[in-house]
Amino acid sequence: MWINSADYDSGTKLTFPFLPDIGGQSVAKNYNNTIIESTGGTEYAYSTHDGKLSWSLTFSNIDSTFRTNLETFEVAVSGDGESFTFNDDSTTYTVRLTSPLTFSEVAVQRYSVTIDMLENS
């Protein structure tokens, strides 16, 4: 599993040292449906696209080196400002971050983080 951006370390892939926690990986399809209700109470729904995949990857025990690499990557892609490549070991997607990376120290120089990404169309 890796992520890559031309803006990060001259395009070098940032490879995850291990897979996300068991139960710490979720993939969903986001349809971005908009539901409106008429004055008569009838609901109407429409979708702006055919659905985009979203990922939430939780890592509960990363070291300070990988934390620094993730922080550098986040700055390189301007948070959610630029898209990048994500490979889940079977398929490559163009994605962007959907929330800032927030790290919690769980032991001395060991951290947890959740990475939330959304597929670009």
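In this predicted model, F84 sits opposite V95 of strand 8. The two strands involved, strand 7 and strand 8, pair up antiparallel through four bridges. Their hairpin leaves four residues between the strands, and D89 there takes a positive phi near 80°.

V95 has a bridge partner in strand 10 too, namely E119. Strand 8 and strand 10 run antiparallel and are joined by three bridges.

Now for the core. The largest nonpolar core has 25 residues, and F84, F86 and I115 are among those touching the most other members. At least two residues of this core come from each of strand 6, helix 1, strand 7, strand 8 and strand 10. Looking past its neighbours within four places in sequence, I115 is in contact with several residues, including F16, W55, L70 and L97.

Then there are the rings: the structure has seven aromatic pairs. Here are two of them.

| Pair | Centre to centre | Angle between planes | Type |
|---|---|---|---|
| W55 and F86 | 5.3 Å | 65° | edge-to-face |
| F73 and F84 | 5.0 Å | 85° | edge-to-face |

W55 belongs to strand 6 and F86 to strand 7, so their pair ties together parts 31 residues apart in sequence. F73 in helix 1 and F84 in strand 7 are eleven residues apart. W55 and F86 are both buried, and F73 and F84 are buried as well. Elsewhere, ring pairs link F16, F18, F59 and F66 into a cluster.

Charges meet rings, too. K13 has its charged end over the ring of W2, 4.3 Å from the centre, and R67 lies over the face of Y111, 4.5 Å from the ring centre.

Terms used
Residues are numbered from 1 along each chain as its sequence is written. This is a predicted model: local features need pLDDT of at least 70, side-chain atom pairs count only at pLDDT 80 or more; totals for chains, interfaces and linings use all residues. Side-chain values use heavy atoms; hydrogens and water are left out. A nonpolar core is a set of buried Ala, Val, Leu, Ile, Met, Phe, Trp, Tyr and Cys residues joined through side-chain atoms within 4.5 Å. Buried means under 20% relative accessible area, exposed over 50%, partly exposed in between (1.4 Å probe, protein chains only). Contact means heavy atoms within 4.5 Å. Two strands pair if DSSP finds at least two bridges between them. Rings of Phe, Tyr and Trp (its six-membered ring) pair if their centres lie within 6.5 Å; planes under 30 degrees apart count as stacked, over 60 as edge-to-face and the rest as tilted. A charge sits over a ring if NZ of Lys or CZ of Arg is within 6 Å of the ring centre and within 35 degrees of the ring normal.
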